[in-house]
Amino acid sequence: MTSGRPPARPASAPEPDPTADQATKDAMSNATTVSPAHSASTASTLITNIAALVTNDPSSGDGSPLGLIQDAAVVIEGDRIAWTGDQSKAPATDNRVDAGGRAVLPGFVDSHSHLVFAGDRTQEFNARMSGRPYSAGGIRTTVAATRAASDAELEANLTRYLREALLQGTTTFETKSGYGLTVEDEARALRVAAAHTDEVTFLGAHIVPPDHADDPAAYVALVTGEMLDACAPHARWIDVFCEQGAFDGDQARAILTAGKAAGLHPRVHANQLSYGPGVQLAVELDAASADHCTHLTEADLDALANSRTVATLLPGAEFSTRAEWPDARRLLDAGVTVALSTDCNPGSSFTSSVPFCIALAVRDMGMTPDEAVWSATAGGAAALRRDDVGRLTPGAYADLTLLDAPSHVHLAYRPGVPLVTGVWRRGERVL
């Protein structure tokens, strides 16, 4: 496996339901509109005068992992990409959009977020920035607020953060439960999430809740039994926080194995706060991703490099907790496939901005701008075992981000600047 490229044995996800996120589109109806929305029925649209087009197809353009095409154009038909190439060779279409010499890249694929929650942890963040270290226990504050919230409140929070993300170029996202930690609250969190994305993760094993603090084994039994039965119909993935203060290796294995038996595929919060068994367990169970990956042994690196498991790095968490940065350079040089995601959550990474995470990864984690953009698009798709997003090639979904800049490098070069000036999702312009 070569550094910066997708896994050698990608597995396609089931065909997503194109109506599954209609509520997100509805929520976007009040967003600033640059031009009239394009129909995603049968009309074709040519986007031309693109200074630099990131396709993530190494057989295109400059032959790099980004498949960069200069002076490019792209054709959208319905909700799919129909053609990419030199703008002088573009076919005729029904509609035409002038990119104005700007860069176009695939919509960002945020493969790790926690968006179904209620409450606020401003005071915790303020205290931590004043010297208190982060620990897993802060999750309990959000659990209490989420349990007390109505379904409507949870839905309103979710759509708010989805709108934020979409305006910053995120067109595919995964999100988790994990702030209910009762059968009823975990199931309703997943129902809320499933109305907006196909990439829904059951994270009943986020922490052991206070009401089971004296009997963690009973909580593991609940997660692998009644809670799993109630949640599996609403999810695609199962996740576990394998960490000191959360779940140990044996508990995590039991939870993920039960999830696999129920038809859910594993993901793992692994090796975030300390060295531990999370990465090895992720590889053993063919997890789609091992997320965080801050504390890694050489054996962990070797296991990841020789597996389909993607190392998903979440620099927003390190930024917000002043923790040690993951060494992306070490992972990439070992041949590990790397994804970048936001980890958007109210406690340790309250950002919905993939561009911000790209800038952090370049500045503090040893990634080049090209590697960071690949990891936030094609890498995120690999972490979701998807080959229909994260790239701009014929047959992929027409999810595009237009930057007010001539190159994708500006995402790291101009940190904090709102460069996203156009977004197409499934062929429909939403910004």
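The largest nonpolar core holds 93 residues, and F202, F247, L331, L340 and I358 are the ones with the most contacts inside it. (A nonpolar core here is a set of buried Ala, Val, Leu, Ile, Met, Phe, Trp, Tyr and Cys residues joined through side-chain atoms within 4.5 Å; buried means under 20% relative accessible area, exposed over 50%, and partly exposed in between, with a 1.4 Å probe and protein chains only.) Helix α5, residues 183-194, gives the most to this core, with six residues. A second, separate core has 16 residues, including I50, A72, A99 and W424. In soluble globular proteins, nonpolar side chains tend to be buried together.

The model is a predicted one: local features need pLDDT of at least 70, side-chain atom pairs count only at pLDDT 80 or more, and totals for chains, interfaces and linings use all residues. Residues are numbered from 1 along each chain as its sequence is written, and side-chain values use heavy atoms, with hydrogens and water left out.

Back to F247 in the big picture: leaving aside neighbours within four places in sequence, F247 is in contact (heavy atoms within 4.5 Å) with A205, H206, I207, V208, Y219, V220, V240, F241, C242 and I255. For the whole protein chain, take the contacts with a separation of 6 or more: 72% of them are between residues 24 or more positions apart. Of the 431 residues, 60% count as buried. The chain exposes about 15600 Å², and carbon and sulfur atoms supply 50% of that (areas come from the Shrake-Rupley method with a 1.4 Å probe; for residues, only the protein chains shown count as cover).

As for secondary structure, the chain comes to 15 helices and 17 strands (DSSP runs numbered from the N terminus: helices are H or I with at least four residues, strands are E with at least two). Seven strands make an open sheet with mixed pairing, in the order β3-β2-β1-β4-β15-β16-β17; two strands pair if DSSP finds at least two bridges between them. At the edges stand β3 (80-86) and β17 (428-429), each with a single partner strand, so one side of each has no neighbour in the sheet. Further in, β15 (400-403) and β16 (420-425) pair in the antiparallel sense over four bridges, and L403 has V420 in β16 as its bridge partner.

Finally, N56 sits in the loop between β1 (44-53) and β2 (69-77). N56 is buried, at 8% relative accessible area. Its side chain reaches the backbone oxygen of G390 at 2.7 Å.

Conventions: A polar contact is a pair of N or O atoms within 3.5 Å; within protein, one must be able to donate a hydrogen and the other to accept it, and residues adjacent in sequence count only if both atoms are side-chain atoms.
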